[in-house]
Amino acid sequence: MAKQVGMEVGIAAAEAVGLCNIDMAAVYPITPQSHIAEHLSDIVADGRIDAEFVTVESEHTSISCVSGASATGARVYTATSSQGLMYMHEILPIVSAMRLPVVMANANRAISGPINIWNDHSDIMPQRDAGWIVFFAENGQEVVDMTIQSFKIAEDDDVMLPICLNMDGFQLTHTVELIEFPDQKEVNKFLPVRKPFATLHPDHPISMGTLGMPEIYAESRKSQDEALINSKKTIFKVWDEWEKMFGRRYKPVETYLAEDAEILLLTMGSMGETAEIAIDELRKKGMRVGLVKLRLWRPFPFEELKAVVKKAKSLIVTDRAVSFGGPGGPVFAEVKSALYNEKERPLVYNSIIGLGGRDVTVKDFMKLIEDAAKAGKKGIIKDYEYYGVRG
Amino acid sequence: MKKKKWPETWQEINPGCMVFEPASARSYHTGSWKAQRPVWDDSKCIKCGVCYIFCPEGCVSQDDEGFFRADLDYCKGCGICALECWPGAIKMVEEG
Amino acid sequence: MSIIENFDLFAPRLIDKKEYFCPGHRACQGCGEALAIRLMCKALGPDTVIANATGCMEVIASFYPTTAWELPWIHLAFENAAAVGSGVEAGLKALRRKGRIPDRDVKTVAIAGDGGTMDIGMQALSGAMERGHDMLFVCFDNEAYMNTGIQRSSGTPMGAATTTSPAGKVIQGQQTWKKNVAEIMVAHNVPYVATASPSYPFDFMNKVKKARKVKGPSYIHCLSVCPTGWRSASEETIKLGRLAVETGMFPLYEVEDGKYKITIEVDELRPIEDYLKRQGRFRHLTPEQTEKIQARVSQEYNKLLDKVHGLHSWSDLEFEWGLFE
């Protein structure tokens, strides 16, 4: 029988990992991930799980360490944020190229400079091309559910790719939410012991991480790309299984009142819940607005997104990261490019919001949408703009 | 392991570029590199095995009578064995 | 003919005949490092997992789709051999405890060049040693970043010409002294630290065997002669390794629980010219520069002797309750 508790989401993430029978975790603390690391070490120290807990001396080492352990066949976990994720940057593409199923939590936090410990998405965006499966969780329940799902997806023989689960730092990790935890028996049934494809052991010596000459490098990259694209099948399969066992449905692109909307707003992460209230308010005023929430970032859900937005007149993509001197925020650039060749597509606007932990309220969302509606009537599209920046 | 034609297609390439066959580097014959090769004078050889120990390739081995020979498929002709041989039983001879 | 200390004519028959690092690898002719790896693996045996940093040995032995290794082997990046090794050790430990792999000892060995150990790899090495993983770390020191084209590292000896410390008109060669990583390891309370050279193969292999037996961290610093980078004759690799020891430039010692012991005794040190003149990387040195280096080498050797005679084993220095009275 599942139990519902009020729990800080960061702690809940660690509790979810505790249910997954991991063999090893390596963490280096960084605000706002630290509660995940701390609580996980509590769980290990109390003997509630049997895992090697390695407190490493840097994030570069934590990702290298879990990769080494994953190569031996262990189920592994790590967590980081912002500068830590940037420090791991060198190794991230190697983990996915070597097809190691590492599961990592990223507590989204702005990257320096200036140094800022509060929430935005500028840490995960530079890791776009690292070849990892990337999810965004919107609330504590999703954090717990997707943590458990991630191990199953990553370790599947058809996937064998690392997964990064994003949860907004402080906004999510340090808020107390009502969460329903599956019990250990149910998780054991859903997530059996890892059966690795290939491992490091003297009984069958193999070499991992070999040198790829120009003759085969491109083929290796394509094979990895295909694996990432194909992983969608397994992701959907696991989400089906989850619904059957626990009743909660997960989709790559979630919608709220989007079916008959003229104006759509697109968000990622915990802002989605605030945006829903704004949508409700605007609907009361008679505007036909709706919300699109992107849960699956990589592999990018092209078909699902196109299907959801095609009937709308305008789509406002909110970005919580900047691509300096680029064609707009990263999410906007990807969405616009995904829709470019479609016959039926909305006008796409970009609003950069919520940088460095700046709060985005219901009123802010309402203003964003109303401004875009006005611009849409006049046929104005700006490349991208910053919302709420003084000056 | 199924024999694959080189260079492989993207479907054939091992995931993560893992190599499942240990010591498969033997297929590459570095012996073509050498400009000189070691020749043993068995009459002087005391079968101490120093040439075997010091070969960076590990291509020196004993024949049935216990004398040492270099596998010329791999010998790079570095000359270490000839220099280290105690009784001077090994001479480096020009190739070709 | 040079004499190898404690050499038994029949001893070669006692070493493992199996090659764990097979021929077909693309090391240069006369590569001291390839030889060292070959001998190290014989001493380690098959129950070993190797975590290798980017460098000469990683590149020459793992051209997809082949590998020269007969041991399980993993490579990730340049600076994280010790980090990956830590992970392998932790993973194997957890899996063995949980019964998912056979219940027998498998040693994790992390290997890296001088760059991957003492420069870019220093952080990972220090962290791994501090955490006390049951892991042997072997540094194959060829005294420069050889794989990328002979650039200097903190392991390059004073005066050596490398491509980033060339012998120019104003500055002649490396201007800093070689970093002593073995001492750093002793300061990390690593229970077994040793310096070694494949020119003394049995000393090297015995040290590897000893390190392997340690249930905890251990470190071996192996001087690897590089004919390509040192501009020396390929057949003189072993001879140069011997000269490095005989001149005191690279003394072979081990530190067990803090107790220093020189394992290859040299009755009278030879002048360093004997070693330097055989290498092209030192040919620009003036007699004055050589004298300076000689003075330092002698001083370092004396420092080592001081430790050999003066320092006690850590277990001898255990806490005595009467100390505060």
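The model is a predicted one, in which local features need pLDDT of at least 70 and side-chain atom pairs count only at pLDDT 80 or more, while totals for chains, interfaces and linings use all residues. Residues are numbered from 1 along each chain as its sequence is written, and chains are lettered from A and ligands numbered from 1 in the order in which they are written.

Helix α9 of chain A covers residues 271–284 and helix α12 of chain A residues 362–378; their axes come within 8 Å and cross at roughly 60 degrees. Helices here are DSSP runs of H or I with at least four residues, and strands are runs of E with at least two, numbered from the N terminus. Axes are lines fitted to C-alpha atoms, for helices over the stretch in contact, with angles from 0 to 180 degrees between N-to-C directions. The two helices α9(A) and α12(A) are therefore oblique to each other, since angles under 35 degrees count as roughly parallel, over 145 as roughly antiparallel, 65 to 115 as roughly perpendicular and the rest as oblique. On the α9(A) side, the residues that meet α12(A) include Thr274(A), Ile277(A) and Glu281(A); their partners in α12(A) are Val362(A), Phe365(A), Met366(A) and Ile369(A). Contact requires C-beta atoms, placed from the backbone, to lie within 7 Å.

Glu370(A) also lies in α12 of chain A. Glu370(A) is partly exposed, because 15 other C-beta atoms lie within 10 Å; a residue is buried with 20 or more such neighbours, exposed with 12 or fewer, and partly exposed in between, with C-beta atoms placed from the backbone.

Helix α6(A), by contrast, is mostly covered, with 15 of its 16 residues buried. This helix, residues 140–155, reaches 23 Å from its first C-alpha to its last, close to the 22 Å expected at 1.5 Å a residue, the expected span being 1.5 Å times one less than the number of residues. α6(A) bends by about 25 degrees at Gln149(A), the angle between axes fitted to the seven residues ending there and the seven starting there.

Between chains, 38 residues of chain A are in contact with 41 residues of chain C. The largest share of the chain A side, nine residues, comes from α3(A).

How values were computed
Contact = placed C-beta atoms within 7 Å.
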